[in-house]
Amino acid sequence: MAELLTADGLARVHEAAAGHVGDGKVPGLVAIVARGGQVHAEVLGSLAIGGPPMRRDSLFRIASITKPVTGVATLALAAEGLLRLDEPVDRLLPELAGRRVLRRMDGPLDDTVPATRAITAHDLLTFTFGFGFAVEMFGAAGQWPVVVEHDRLRLFTLGPPDLAHQPDADGWIAGLGSLPLLAQPGERWFYNTGASVLGVLCARAAGQPFGEVLRSRIFEPLGMRDTGFQATETSRLATAYRPAPGGLAVWDEPGGIWSKPLPFEDGAAGLVSTADDLLAFSRMLLRGGAPVLSRDAVSELMRDQLTPAQKAYGGLGKDFFDTLGWGYCLSVVTAGERAGAVGWAGGFGSTWLADPARDLTVIVLTQREFDGPGGHPLHDEVQAAAYAALG
């Protein structure tokens, strides 16, 4: 049985959270630190600048924290026999059959070689299927041809998501299938796109919209009533902001993108959720997977799946894999006091961490978009305070 979080430590959690809340900083947040049966919540600030107070059941756009949910859904369908992790995806995604691979990632679209093998669901789960966000493409002197064509197709998978302007699922996967891969399947890690493809794969495997796959396999069994691709009550959805000269600028209001069905239920970035729903998801993983996954499936999901060769190309920065690995659609800490912890961050202002060795969950949800790839110091400080509260 996990020991209690210390009172002094939880006071530091409050100080870390409260120190960043303000109209020009982080307008509001909900944070949860949980260990065993103990749950500590911080509910601070407002849903919008000058708006009503934040509530514990407030809704947030969780962006890339969607990815671990997609990973769990994929494993749930594999357990049902609807797909296999080691089979080519060609049966369900013929758009991705017969892949061509660019000779150079920045080269012409027609300068390609055949893929050495087919893409598998395992490749998608580990983000090694050959396509996605690469740091090199944004440091280049000019736009790569593949990025130009990606932008023309409105896929929005090589940068910040634009969920209101993506094609529907069939149009999205057809567009992706018209592009060559950046690398051979299994060769290296690329961020983001694998989870988007998994959403289409899961929907076709189950013969249902992806949102229904998530509802029936994860949200309903875990009581995650407020999680989905559309806000259940827009009055509870925080106004979203991004950094701007002199403060913050609104980029999505409660009646905006998530007030109606999305054209593409994107498995990489599309969900809204609450802190308590994400706690239910985290506890499911920490307690062995029931009633969603088997213990063995959770072990696979939460272990580092990448080889040294796959990591050698780097990740989101040259030092990314020094202390991190990648499981199935989530990060795995591989060094230091938090080794074995898993989680991920959503660029719209959210983080989730689950540490199985300590039965610890830390969730921080805000409506302030991250300033850059380093996130916002609030999240690091709350996590550090949570670890200090272990005593």
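By relative accessibility, does Leu 248 count as buried or exposed?

Reply: Leu 248 counts as buried, because its relative accessibility is 19%, where buried means under 20% relative accessible area, exposed means over 50% and partly exposed is in between, computed with a 1.4 Å probe on protein chains only. The model is predicted, so that local features need pLDDT of at least 70 and side-chain atom pairs count only at pLDDT 80 or more, whereas totals for chains, interfaces and linings use all residues. Residues are numbered from 1 along each chain as its sequence is written, and side-chain values use heavy atoms, with hydrogens and water left out.

Leu 248 sits in strand E7, which covers residues 247–252; helices (H or I, at least four residues) and strands (E, at least two) are DSSP runs numbered from the N terminus. When residues up to four places away in sequence are not counted, Leu 248 touches Asp 23, Gly 24, Lys 25, Pro 27, Ile 49, Tyr 241, Arg 242, Pro 243 and Arg 368, a contact being heavy atoms within 4.5 Å. Ala 203 is 45 residues from Leu 248 in sequence, and the C-alpha atoms of the two are 37 Å apart in space.

Two packed helices are described by the angle between their axes and the distance between the axes. Helix H6 (residues 193–206) packs against H7 at an angle of about 75 degrees, with the axes 8 Å apart, and these axes are lines fitted to C-alpha atoms, for helices over the stretch in contact, with angles running from 0 to 180 degrees between N-to-C directions. H6 is therefore roughly perpendicular to H7, on a scale where under 35 degrees is roughly parallel, over 145 roughly antiparallel, 65 to 115 roughly perpendicular and the rest oblique. By class, the residues of the contact of H6 with H7 divide into 5 nonpolar, 1 polar and 1 charged, with Ala, Val, Leu, Ile, Met, Phe, Trp, Tyr, Cys and Pro taken as nonpolar, Asp, Glu, Lys and Arg as charged, and the others, Gly among them, as polar.

Helix H7 (residues 210–222) also packs with helix H2 (residues 66–79), at an angle of about 80 degrees and with their axes 10 Å apart, and H2 and H7 are therefore roughly perpendicular to each other. From H2 the contact draws on Val 69, Thr 70, Val 72, Ala 73, Ala 76 and Leu 77, while H7 supplies Phe 210, Val 213, Leu 214, Arg 217, Ile 218 and Phe 219. This contact of H2 with H7 has 10 nonpolar, 1 polar and 1 charged residues.

Residues up to four places away aside, Gln 310 touches Thr 128, Gly 186, Glu 187, Arg 188, Trp 189 and Gln 305.

Trp 189 opens the topic of aromatic rings, for it belongs to a cluster in which ring pairs link Phe 127, Phe 133, Phe 138, Trp 189, Tyr 191, Phe 320, Phe 321, Trp 326 and Trp 344. The structure holds 19 aromatic pairs, counted where rings of Phe, Tyr and Trp (its six-membered ring) have centres within 6.5 Å, with planes under 30 degrees apart called stacked, over 60 edge-to-face and the rest tilted. The rings of Trp 189 and Tyr 191 form a tilted pair, because their planes stand at 35 degrees, with the centres 5.9 Å apart; Trp 189 and Tyr 191 are both buried. Trp 251 and Trp 258 make an edge-to-face pair, 6.4 Å centre to centre with 75 degrees between the planes, and both of these residues are buried as well.

Some backbone details complete the account. Cys 329, in the loop between strand E9 (324–326) and strand E10 (331–333), has a positive phi of about 70 degrees although it is not a glycine, and it counts as buried because its relative accessibility is 0%. The peptide bond from Ala 290 to Pro 291 is cis, with omega near 0 degrees, and Pro 291 lies in the loop between helix H8 (275–286) and helix H9 (295–301).
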